[in-house]
Amino acid sequence: MLIFLLGMMGSGKTTLGKELAEKLGYTFLDLDAVIEQKENRTIAEIFAAEGQERFRALERETLQTIVTNYKQAIVATGGGTPCFFDNMALMNTSGETVFLDVSVKDIAQRLSQSDLSTRPLLAGKTQSELISFLGKTLSERRRFYEQARHIVASPPYTINALLALLPL
Ligand SMILES: Nc1ncnc2c1ncn2[C@@H]1O[C@H](COP(=O)(O)OP(=O)(O)O)[C@@H](O)[C@H]1O
Ligand SMILES: O=C(O)C1=C[C@@H](OP(=O)(O)O)[C@@H](O)[C@H](O)C1
Ligand SMILES: [Mg+2]
């Protein structure tokens, strides 16, 4: 089975995805990391050199390659993945989708302790700019995220909450 983790930057897709893959013995794929390997440059470098539009095209292409080549894996998507092209439909027809619905307050708290420069959409923002950007972005993206088959909406967002939802 393919399991796609969806949600905002900082919602824990990469962290929980790794843990879940280890627990289930599945391959773990982080969509951003696969793009970086393929391109031999970082997400920040892709945005800086070619802009978000090119990144979204690469993201779509990579998602399609994963869906074609893997039958069993946990896929941590990027925060924007569900919101471009028909990526949401592609994921819903290829496996199980889980939206990690973490509050803006919790996300901002987590991200303030991380290096924002690796996430080009957040780089250089103050804490109050970060909170207002995350709030606006989540309200625009929610309609895509809510197309996920499963939603994890209560803290502490553990893998046990994920395991309880999935038809394994
Ligand atoms: N369940 C959690 N509780 C608290 N902090 C978390 C949790 N999951 C992730 N984090 C922290 O939040 C930050 C972003 O996590 P990450 O997995 O990179 O998110 P995403 O891939 O969704 O952007 C990291 O610093 C990580 O250590
Ligand atoms: O929300 C977004 O548009 C993005 C999220 C990032 O992934 P994470 O959600 O893992 O930070 C990465 O794909 C890129 O910086 C754009
Ligand atoms: Mg990630």
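A residue counts as near a molecule if its C-beta atom, placed from the backbone, lies within 6 Å of it. Welcome to a predicted model, where local features need pLDDT of at least 70, side-chain atom pairs count only at pLDDT 80 or more, and totals for chains, interfaces and linings use all residues. Residues are numbered from 1 along each chain as its sequence is written, while chains are lettered from A and ligands numbered from 1 in the order in which they are written.

**Exercise 1.** Find which residues surround ligand 2.

*Solution.* Start with the list: Met9, Lys13, Thr14, Asp32, Ile43, Gly78, Gly79, Gly80, Arg119, Pro120 and Leu121 surround ligand 2. Next, sort them, counting Ala, Val, Leu, Ile, Met, Phe, Trp, Tyr, Cys and Pro as nonpolar, Asp, Glu, Lys and Arg as charged, and the others, Gly among them, as polar. The shell then holds 4 nonpolar, 4 polar and 3 charged residues.

**Exercise 2.** Work out why strand S4 is largely enclosed by the rest of the structure.

*Solution.* Strands are DSSP runs (E, at least two residues), numbered from the N terminus. A residue is buried if 20 or more other C-beta atoms, placed from the backbone, lie within 10 Å of its own. In S4 (residues 96-100), 5 of the 5 residues are buried, so the strand is largely enclosed. Side chains in a regular strand alternate between the two faces of the sheet. Now check each side: Glu96, Val98 and Leu100 are buried on one, Thr97 and Phe99 on the other.

**Exercise 3.** Identify what stands opposite Phe99 in strand S5.

*Solution.* Strands pair if DSSP finds at least two bridges between them. S4 and S5 (residues 150-152) pair in the parallel sense over 3 bridges, and Ile151 stands opposite Phe99.

How values were computed:
Buried ≥ 20, exposed ≤ 12 C-beta atoms within 10 Å, placed from the backbone. Helix = DSSP H or I, 4+ residues; strand = E, 2+ residues; numbered from the N terminus.
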